[in-house]
Amino acid sequence: MKIAYISVGNPHNRYTWSGTFYKMFESLKQQNHSVEWIPVYNNGLGKFEEFLIKCFGKLIHKPVMPLFFKCVAKQYAKSISVEKLNTYDLIYAPCCGPYLYHLNGIKKPIVYMSDASPEALFDYYIFDTLKYNRDQANSMEKKALDKCSALIYGSDWAKGFAVNFYNQDEHKVHVLELGANLDDKDIIKKEYSYNGHLHLLFLGVDWKRKGGDIAVSACKYLNDNGVPATLHIVGIRELSEDIKSLPCVDFVGFLDKNNPVQYQKLVDMIKLCHCLLLPTIAECAGVVFGETSAYGLPSFTHHTGGTTNYVLNGRNGYGLPLGSTGEDFGKIIKKCLETGELEKMSKTCIDVYNERLNWSVWGQKMDKIIKDVVKQNKI
């Protein structure tokens with residue numbers, strides 16, 4: 001089957017959207033489809049409009065998203081040839097709502113994919129934005145989704161917005177968990193080993209949104225309650241000296257996976273640690289939970305946004321209610337350690353990875369959806 005893969009991000013680049021675009025592209029190819037990237041790009045007028053919108057946002061001290069303005073989205077859409085798209089059997093459009101809004105005359109089925117819709121992001125990731133900006137975003141998204149034969153989301157949380165807010169037919173909306181952005185050769189084999197000191201991994205680039213202060217508080221609780229523990233902080237570029245100087249904190253900093261030395265350091269951290277502690281406040285999906293599950297590290301996080309699809313209580317970790325404190329996280333980690341459940345989950349979380357959090361499973365499920373969509377459109 002000939003598939004047109006339309007996106008701004010280059011799916012041939014292993015690190016576009018943290019590797020997700022690349023993995024989706026390769027997974028489609030592995031299902032014996034012929035997949036071609038159709039790049040989407042902005043033109044001169046669109047760039048000028050983006051500049052003006054950003055200046056306006058600074059002037060009124062409001063966050064603005066230029067792509068969620070119809071005038072800018074229209075310029076991006078002009079880079080796509082509808083005539084060319086109609087030569088394919090199917091169009092795969094990840095995160096392309098604003099462009100699809102302006103594309104008319106497409107005769108082939110469209111499969112849209114995203115980890116969240118605009119409305120899901122407002123007041124969750126994005127705050128205090130212009131009502132006009134929000135209204136334009138939702139208007140484009142609704143019309144774009146209406147054009148699609150199938151909608152793919154990374155979580156039940158994201159699916160809920162498509163069905164309930166954008167009034168999409170539930171039968172065309174599917175949930176496919178995103179896989180871990182790893183190659184099989186990069187998955188390390190590690191045996192659970194605890195010698196009286198607990199090593200916790202914090203892996204993220206946004207300290208506040210990923211719940212960094214809660215993680216530190218949890219580590220302090222463990223140390224104060226008979227469980228010697230160290231929190232290894234990976235991914236953060238800058239951190240206050242007050243936190244870095246804590247005796248229970250090991251500040252590793254940002255590690256570039258493209259750098260062999262830094263990549264090996266990340267692998268060494270994973271080998272050392274017993275679990276992932278990431279009390280994220282907002283999360284659309286959570287590829288990191290699939291990656292740590294593959295490595296045999298149970299995850300402790302908040303059940304918020306899409307994390308309920310990625311962290312299954314008692315199998316590859318625990319998700320606590322949003323608003324849980326560092327003490328709450330410390331208590332459940334301590335309980336899992338002392339009852340032996342942490343060691344048990346170090347094995348069962350690998351099962352969760354194999355069952356649902358890898359790209360091979362994603363590709364097989366997507367293949368079925370694609371074939372069904374094409375078949376239905378030929379009837």
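In the protein, 66% of the contacts with a separation of 6 or more are accounted for by residues 24 or more positions apart, a contact being defined by heavy atoms within 4.5 Å. The structure is a predicted model, in which local features need pLDDT of at least 70 and side-chain atom pairs count only at pLDDT 80 or more, while totals for chains, interfaces and linings use all residues. Residues are numbered from 1 along each chain as its sequence is written, and side-chain values use heavy atoms, with hydrogens and water left out.

The protein holds 15 helices and 12 strands, taken as DSSP runs numbered from the N terminus (helices H or I, at least four residues; strands E, at least two). For 379 residues a compact globule would have a radius of gyration near 21 Å, and the 22 Å of the protein agrees with this; the radius is taken over C-alpha atoms, and the globule rule is 2.2 Å times the number of residues to the power 0.38. The C-alpha trace spans about 65 × 50 × 40 Å along its principal axes, and 58% of the 379 residues count as buried, that is, under 20% relative accessible area with a 1.4 Å probe and protein chains only.

Strand 11 (residues 299-303) is largely enclosed by the rest of the structure, because four of its five residues are buried. Strand 11 pairs in the parallel sense with strand 10 (residues 275-278) over three bridges and, also in the parallel sense, with strand 12 (residues 317-321) over five bridges, where pairing requires that DSSP finds at least two bridges between two strands. Thr301 of strand 11 is the bridge partner of Leu278, whereas His302 has Leu320 of strand 12 as its bridge partner.

The structure also contains 16 aromatic pairs, for which the ring centres of Phe, Tyr or Trp (its six-membered ring) lie within 6.5 Å, with planes under 30 degrees apart counted as stacked, over 60 as edge-to-face and the rest as tilted. Tyr5 and Phe21 form an edge-to-face pair, at 6.3 Å centre to centre and 70° between the planes. Since Tyr5 lies in strand 1 (residues 2-7) and Phe21 in helix 1 (residues 20-30), this pair ties together parts that are 16 residues apart in sequence. Both Tyr5 and Phe21 are buried, and they belong to one aromatic cluster together with Trp17, Phe25, Tyr92, Trp359 and Trp362.

Note on methods. Buried < 20%, exposed > 50% of the residue type's maximum accessible area, 1.4 Å probe, protein only.
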